[in-house]
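Let's take a look at this structure together. Have the 3D view open as you read.

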Amino acid sequence: MTHPPHPALFDNPETGAFWQAAAQGRLLLKSCRACGSAHWYPRAICPHCGSADTHWQDSTGQGVIYTFSVLRKAKPMTVPAYVTLDEGISLFTNIVDCDPDSLRIGQRVALRFIDGMDGTRLPAFAPA
Amino acid sequence: MTKHPAHIVGAYEHPTRLASDKTVAQLHAEAAKGALDDAGLTFADVDGFFCGNDMPGIGAFALVDYLNLDLRHIDTTDTGGCSYQIHVAHAVQAIAAGKCDVALVTLGGRPRADGMSTGTAVRPGHPAQPDIPFELPFGNVILGSYAMVAQRHMHDHGTTSEQLAWIKVAASHHAQHNPRALLRDVVTVEDVVNSPLLADPLHRLDCCVITDGGGALVIARPEIARNLARPLVGVRGMGEAMKGQNGGRVDLGYSAIAAAGKRAFDQAGVRPGDIRYASLYDSFTITVLMQIEDLAFCDKGQGGRFVMDGNLISGVGRLPFNTDGGGLCNNHPANRGGMTKIIEAVRQLRGEAHPAVQVPDCTLALASGIGGSLGMRHAGSVVILERE
């Protein structure tokens, strides 16, 4: 699948640290000191309680498939999914290195970085 | 005394489904003229205007100048395909507040002539949209987003592809009577589930059509509406809502229509069982199923069973829906199906639907819309309309 380049997408003051960590194989989440909740996608202001006291934390990278589809006509065939991390929040991602026909909701998956756009690395997941 | 703060006095669905020979502005203008003619009004009567982002340009600048309107009230709220339910609601509020007397709502576009792959092509979005870096690189498409909702519904409630297929079957039974419908052939459950699997669990025939065209509505204050020759269709209830990913606490088990519908029913003072006809947004079969549950036409999780055996077919089932063939078979102009939902509801209330699908003594109807992407972030809006 080809995408138009977006030079400003990954190098911005709010989430640039996320992509720098991703390049080193780390999945960062934003978490809030005021309410103790993690959130997704990362923001400066906590979407749960409105506090600006948010900070980066490393994710376990472990979770389960909340739901998925298989884009049969995409080249290559793509598996969009929501994965619910053990931290309790869900993120939109892809399931990779799998037999799409054997996937099921609730299945355990683990973080596996893949190549993204503009030289970035993307947090995808594969069956654990 | 009147029981409704404003009435829909004009409604017009552009007859084209392929507009290679027309511009987008022209489609808006032809739809507007059609709706004003239907009402017995003219462009000079319009003092309130509503449009979405389907008209290129910043807000309404280009279109208002193109139509040469002299306005007191402008509203360019855009919530994708359900913008038009919200435009009707906001027009009623503006009229009730004395901000305008005659509101015009227009839609136009030509995705089919322009070769757009609405559901299956990645849409780049704006680089400043905060979710884009976290979603676009994963090959996110509209179809996949709705498919993930369907997959989860099947997991939670045991819903089947055959049950979803009944929604398309019902739409096709209605479309056979609509000479302008893009797809007029009656299809079976087997036809739907045997059509190509595009995004598990959705098949090609679970998807709506891609068509050019448009539509328009005219809403007027009661004193004006009563002096026009058309049957009176009052706006009795309105509701709108948005739903996203809730900061990562994702729950795809319900849509924004749950909140929007409750607001509309509460304002109207009626219950789901009072609705005689429902126009339900039908970008995909799962879109209809979710709304049937979220509008409480049945219990959550029972939508699959509810739609089976022709229960949505006019003259057969309990809840006649989308009697023009809907977006699934008739028309989904400019990728925005909310407008045609309202237009068919107006036809039903006026008694002007095709005789084969007209609901007898149709006094109370609902038109719903879902704009955006059901599995990612979307808006829902509902209007409840009544024949006076």
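## Where the chains touch

Two residues count as being in contact if their C-beta atoms, placed from the backbone, lie within 7 Å. Keep in mind that this is a predicted model.

Now find helix H3 (residues 83-96) and helix H13 (residues 338-350), both of chain B. Their axes come within 6 Å and cross at roughly 60°, so H3(B) and H13(B) are oblique to each other.

From H3(B), Ser83(B), Tyr84(B), Gln85(B) and Val88(B) meet Gly338(B), Met339(B) and Ile342(B) of H13(B). That contact has 4 nonpolar, 3 polar and no charged residues.

## A helix with a buried face

Helix H9 (residues 257-268) of chain B has 12 residues. From its first C-alpha to its last, H9(B) reaches 16 Å, close to the 16 Å expected at 1.5 Å a residue. Just after H9(B), Gly269(B) takes a positive phi of about 70°.

Which residues of H9(B) are buried? They're Ile257(B), Ala258(B), Ala260(B), Gly261(B), Ala264(B), Phe265(B) and Ala268(B). Look down the axis of H9(B): the buried residues fall within an arc of 165°, so they line one face of the helix. What covers them includes strand E8 (233-243), helix H10 (285-294), strand E10 (364-373) and strand E11 (377-387) of chain B.

Notes. Residues are numbered from 1 along each chain as its sequence is written. Chains are lettered from A and ligands numbered from 1 in the order in which they are written. This is a predicted model: local features need pLDDT of at least 70, side-chain atom pairs count only at pLDDT 80 or more; totals for chains, interfaces and linings use all residues. Axes are lines fitted to C-alpha atoms, for helices over the stretch in contact, and angles run from 0 to 180 degrees between N-to-C directions. Helices (H or I, at least four residues) and strands (E, at least two) are DSSP runs, numbered from the N terminus. Angles under 35 degrees count as roughly parallel, over 145 as roughly antiparallel, 65 to 115 as roughly perpendicular and the rest as oblique. Ala, Val, Leu, Ile, Met, Phe, Trp, Tyr, Cys and Pro count as nonpolar, Asp, Glu, Lys and Arg as charged, and the others, Gly among them, as polar. The expected span of a helix is 1.5 Å times one less than its number of residues. A residue is buried if 20 or more other C-beta atoms lie within 10 Å of its own, exposed if 12 or fewer, and partly exposed in between; C-beta atoms are placed from the backbone. The arc is that of the directions from the helix axis to the C-beta atoms.
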